[in-house]
Structure formats: structure tokens, C-alpha cells
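I opened this model to look up two things.

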Amino acid sequence: MIQLLQRESILPSGLRLGLGLSGGIDSMVLAHSMYHAGIEFRALHFNHNWRGKESRQDQEFVRQWCQEHHIAFTTRTWQRPVKSEAAARQARHSFFRHACDKYQMEAVVLAHHRDDLAETFLLQLLRGSGPEGLASLLPEREIDGLRLIRPLLEISRAELYQIAKAEKLKWREDTSNTDESFARNKIRRRILPYLQKNCERDPLPLLSRTADILAGENHYWEELLPDTLPEKLPVTSLRNHHIAYQRRLLRVWLLERTGKIPSYDEIEAV
């Protein structure tokens, strides 16, 4: 595990890093591995405040671990929590951006793993997303100026458990992970186990491979688009392009002018 984190292609050397540290098994394995690999980082704990006392206990657990290991620690509590994955992600990213600006960090490392990638792929597939959405969990990505690095995408949740037990690590279990009012938890607890039981091959590496292929194709399409778009699009010349190019160009053009990602129906209407 430590050798994996020393690969420059996954964790570039010389960066001032933050680490999203929830206290769960995945982030604790990553923190343990970075610490023993001699990779300096500041722990960033976002208290979603969804579970009251349990959330405060998570925060204290991470604080104590950081104190014992002499790791810099920064936390924020969500004062008006909303029970929404999208809202929580936006709140976390806002916290990460603020911490990066304050402590001059260049990137935040996250502990998303192969199971997370498969869950996200299926979530986006059921939403009718295109290649960008289906390949949204990338090893490295910049979102509105926030650089995120995910070094564990090739490792499964089961492998993380094996590492944690072998290293005798402690972690916190998030009871909200059993709440099936969240679509991700339904996929995790029902759909993926069904696929693993009934498919001839393990779906996790297959979904990971497909996401990787789509990420490459998405990058290719992005390079085909012009760096700057005109205020008005020439409809006649646009019609001469393939429908896939038309959709891509319209998506970017509308996003630049409205500030929000247009839906499939809106693009098709144009």
C-alpha cells in the first residue's frame, strides 16, 4: 500500500496536501499509509452533523488520531445540514477550498476506492449521464479551482478491510451508510451485491475499466472543442458536424452562458 502511494503518477511529490479524513475505514487506511510513507499532509475533517452525538464522536476520534501522530488538523461543522448527497458534497468542497486558501495547500487527497467508483458509475448511468458524468471519479480532477487526487481507485473496499485488520487500525463506522433513503446506499447494499452474486465476472473491475475508457474519450472530445467560443454559434456550419460534436459544443456553450449544466432535453431542444 505504501509503495502505491509513492508512485509519482498517483501522488505527485512536492505538493502541499490536505487529506479528507472522515474517520471511516477508507480514509483511515489512506491516512495511515501516507503517514508511514513520510508524506506530509493536513487532515481536513468535515462534520456533516447528520448524526448528532455520533458525528461529534467521529470528529473527536479524528482529532485524537491527528494529535497522537502530530498531524495538523482542521475541521468544520455544517451548521445547517441538509440530508442530500449533492448538498453535502458542495459543502465539503467549500470547506476544502477555504482550507487550501488558508493553509496554501495545492491539492486535497480523497479516499474514494473502486467500490465508490462503481457506485458512482451506476448512479450516473441511472441519471442518463454522458461520458463526463460516467467517468466523474477520476484519479485526479479539478473542480472550480479545487484539485482533488484519489489514489485508491484501483483498490476495493474488501482489500481496505484486509489492510486495516492487518495493520490493526481503528476506525469509525458511519451508521448513515445503512440509510437507504440515499440512492448510493441502495446501490451499495442491493444492486452491487446482486450483480456480484449473479454475474459470471466481478462487476467492480469491469465498471472501473469502462469508466476509465470513457474518461479517455471524454478528454479526447474536450480537446476537439475550440478554446474560446463565439457569442453566437453559426448554425449552418454547426449542422455540418457530427451530432456528438454538436451536443458537446452546445453543452459547453450553454454552460458558459448560464452557469449551470444543461440537461439532455435542453440540448436536444436547441
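I began with E231 and R257, whose side chains meet in a salt bridge at 4.0 Å, N to O. The model is predicted, so I kept in mind that side-chain atom pairs count only at pLDDT 80 or more. The pair links distant parts of the chain, 26 residues apart. E231 sits in the loop between α9 (203-224) and α10 (235-239). R257 belongs to helix α11, residues 243-258. I then checked accessibility. E231 has a relative accessible area of 61%, so I noted E231 as exposed, the cut-off being over 50%. R257 comes out at 30%, which makes R257 partly exposed.

Next I took D174 and R51. Their side chains form a salt bridge at 2.9 Å, N to O. The two residues lie 123 residues apart, in distant parts of the chain. D174 is in the loop between α7 (157-166) and α8 (183-198). R51 is in the loop between β2 (42-47) and α3 (53-68). Buried or exposed, I asked of R51? R51 is buried, because its relative accessible area is 18% and the limit is under 20%. D174 is partly exposed at 28%.

R190 lies in helix α8 and E180 in the loop between α7 and α8, so the pair ties together parts 10 residues apart in sequence. R190 is exposed, with a relative accessible area of 54%. E180 counts as partly exposed at 21%.

How many salt bridges does a search of the whole structure find? I got 19. I also found a network of salt bridges that links E85, D115, E119, R157, R184 and R188.

Then I turned to the helices.

I started with α8 and α9. Their axes come within 9 Å and cross at roughly 110°. The two helices are therefore roughly perpendicular to each other. From α8, L192, L195 and Q196 meet P203, L204 and L207 of α9.

I went on to α5 (residues 114-126) against α9. Here the axes come within 9 Å and cross at roughly 65°. That angle falls in the 65 to 115 range, so α5 and α9 are roughly perpendicular. The crossing of α5 past α9 is left-handed. On the α5 side I listed R114, D115, L117, A118, F121 and L122. On the α9 side are L204, P205, L207, S208, T210, A211 and L214. The contact of α5 with α9 divides into nine nonpolar, two polar and two charged residues. I saw that D115 is in this contact and also belongs to the salt-bridge network. L204 and L207 meet α8 residues as well as α5 residues.

My last entry is α2 (residues 25-36) with α7. They pack at an angle of about 55°, with axes 10 Å apart. That makes α2 oblique to α7. α2 passes α7 in a left-handed crossing. Which residues meet there? I25, D26 and V29 come from α2, and L160, Y161, I163 and A164 from α7. I counted six nonpolar residues, no polar and one charged in the contact.

How values were computed
Residues are numbered from 1 along each chain as its sequence is written. This is a predicted model: local features need pLDDT of at least 70, side-chain atom pairs count only at pLDDT 80 or more; totals for chains, interfaces and linings use all residues. Side-chain values use heavy atoms; hydrogens and water are left out. Helices (H or I, at least four residues) and strands (E, at least two) are DSSP runs, numbered from the N terminus. Buried means under 20% relative accessible area, exposed over 50%, partly exposed in between (1.4 Å probe, protein chains only). Axes are lines fitted to C-alpha atoms, for helices over the stretch in contact, and angles run from 0 to 180 degrees between N-to-C directions. Angles under 35 degrees count as roughly parallel, over 145 as roughly antiparallel, 65 to 115 as roughly perpendicular and the rest as oblique. Contact means heavy atoms within 4.5 Å. A crossing is left-handed if the near helix is turned anticlockwise from the far one by less than a right angle, and right-handed if clockwise. Ala, Val, Leu, Ile, Met, Phe, Trp, Tyr, Cys and Pro count as nonpolar, Asp, Glu, Lys and Arg as charged, and the others, Gly among them, as polar.
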